[in-house]
Amino acid sequence: MLSSVLPLVLQALGNPDLSVSSVSTLKKICRECKYDLPPYANNIVAVSQEVLIKQIHKTSQCMWLMQALGFLLSALPVEEILRNLHSLITPYIQQLEKLAGETPNPSNKLMVHIFASETNHFPPIKALFELVTSVTLTIFQQGPRDHPDIVDSFMQLQAQALKRKPDLFLSESLDVKAVFHCGVLSLKFPEGPTVKSTCFFFTELIAHCADVPPVGQVLQEDGKLLLLAVLEAIGGQSSRSLMDQFAEVLFCLNKHCFALLTVWLKEALRSPGFPSSRVSDEQKDTFSQQVLRERVNKRRVKDIVKEFTLVCRGLHGTEYAADY
């Protein structure tokens, strides 16, 4: 059935008069038959790429087409996802870099430069962003540990989106909660660059809790998970060299979510032995009070975190601490 229907649909994609019907049909096929489509994936991606570059379809149909490709790619193995995604987005990266006056560099796989131009110059940005996000979330579901470079780029991309075009996070097609949970998972990676990019993502995310409702909602519901991950890192799970980055996340929570942080800190630090068996209840109380007092002085929060992490690691007052 697919072998007879697909060629007709793909051929119709190139006809502007059949835009709505052809794209909606392909989207339905990719959504409902995605596990039967791997043998046809290369052909679907190639034809879709061609019609997108030729700008045959209006923006809304481009969005549908990107969603169709998201369904298709999500059923493929990670390496196939990356190969197809790379071939799909490379022409756009080249166009974006041309607009920005940069030398084309196809190695920017996850489009950190996606926001180099204004959206009205380049309508597919929203669709591209949502495609890359949904497909990368699929990689997280398959297991991201073997791909710290992808996680690093993904977190940078999300941070840049929040920094430059936060309204992208208003889209119903973007699973903000899933992106948030991927971030919490990424904070626990051993690779320093990945953790730094993830902390950058969270500082940008938290800053928009008031003006981007989906962000505010996910922080309200799951923000305590973020705080727990930060406290675990400070307690000894992450390298001491990353404490400044975790302190910045803590500072942002205090600045933008003070009432919630007050409750979360109290609940989290009540657990015996958390975030380290080496700290007393009194030391935890002092740390909590010190952090909550500092809503303006970021440098002071970094010092408080450095002091507390030394206590958590049993290094306070040692020669190791002197070098810190």
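Guide: Before we start, one term: a residue is buried if its relative accessible area is under 20%, and exposed if that area is over 50%. Also, this is a predicted model, and the protein chain averages a pLDDT of 87, with 88% of the residues scoring at least 70.

Visitor: What makes up the protein chain, helices or strands?
Guide: The chain has 15 helices and 0 strands. Of its 324 residues, 51% are buried.

Visitor: Why is Cys62 called buried?
Guide: Cys62 has 10% relative accessibility and the cut-off is under 20%, so Cys62 counts as buried. Cys312 is buried too, at 0%.

Visitor: How many disulfides does the structure hold?
Guide: The count is 0. To qualify, two cysteine sulfur atoms would have to lie within 2.5 Å.

Visitor: And Gln55, is that buried or exposed?
Guide: Its relative accessible area is 54%, and exposed means over 50%, so Gln55 is exposed. Gln55 sits in the loop between helix 3 (41-53) and helix 4 (59-74).

Visitor: What makes the backbone at Gln55 worth a look?
Guide: Its phi is near 55°, a positive value in a residue that isn't glycine. Most residues other than glycine have a negative phi, and most peptide bonds are trans. On the peptide bond side, the one from Phe274 to Pro275 is cis, with omega near 5°. Pro275 belongs to the loop between helix 12 (258-269) and helix 13 (281-293).

Visitor: Why is the pair of Phe180 and Phe202 called edge-to-face?
Guide: The ring centres are 5.5 Å apart and the planes make 80°.

Visitor: What makes Phe201 and Phe202 a tilted pair?
Guide: Their centres are 4.9 Å apart, with 55° between the planes. Stacked is under 30 degrees and edge-to-face is over 60, so 55° lands in the tilted class. Phe201 and Phe202 are both buried. Together with Phe180, they form one aromatic cluster. The whole structure has 5 aromatic pairs.

Visitor: How do you know that Arg145 lies over the face of Phe189?
Guide: Arg145 is 4.6 Å from the ring centre, and the limit is 6 Å, with an angle within 35 degrees of the ring normal also required.

Visitor: Which residues have the most contacts inside the largest nonpolar core?
Guide: Leu26, Phe169, Phe202, Leu226 and Phe246, in a core of 103 residues. Helix 10 (residues 213-237) supplies the largest share of this core, 10 residues. Among the residues that Leu226 touches are Phe180, Phe202, Val249 and Leu253.

Visitor: What do the buried residues of helix 8 pack against?
Guide: They pack against helix 6 (125-142), helix 7 (148-164), helix 9 and helix 10. The buried set in helix 8 includes Val176, Phe180, Cys182 and Val184.

Visitor: Where does pLDDT stay under 50?
Guide: Over residues 106-110, for which the model has 17 contacts beyond four places in sequence. Where pLDDT is low, the predicted coordinates should not be read in detail.

Note on methods:
Residues are numbered from 1 along each chain as its sequence is written. This is a predicted model: local features need pLDDT of at least 70, side-chain atom pairs count only at pLDDT 80 or more; totals for chains, interfaces and linings use all residues. Side-chain values use heavy atoms; hydrogens and water are left out. Rings of Phe, Tyr and Trp (its six-membered ring) pair if their centres lie within 6.5 Å; planes under 30 degrees apart count as stacked, over 60 as edge-to-face and the rest as tilted. Buried means under 20% relative accessible area, exposed over 50%, partly exposed in between (1.4 Å probe, protein chains only). A nonpolar core is a set of buried Ala, Val, Leu, Ile, Met, Phe, Trp, Tyr and Cys residues joined through side-chain atoms within 4.5 Å. Helices (H or I, at least four residues) and strands (E, at least two) are DSSP runs, numbered from the N terminus. Contact means heavy atoms within 4.5 Å. pLDDT is the predictor's confidence in each residue, from 0 to 100.
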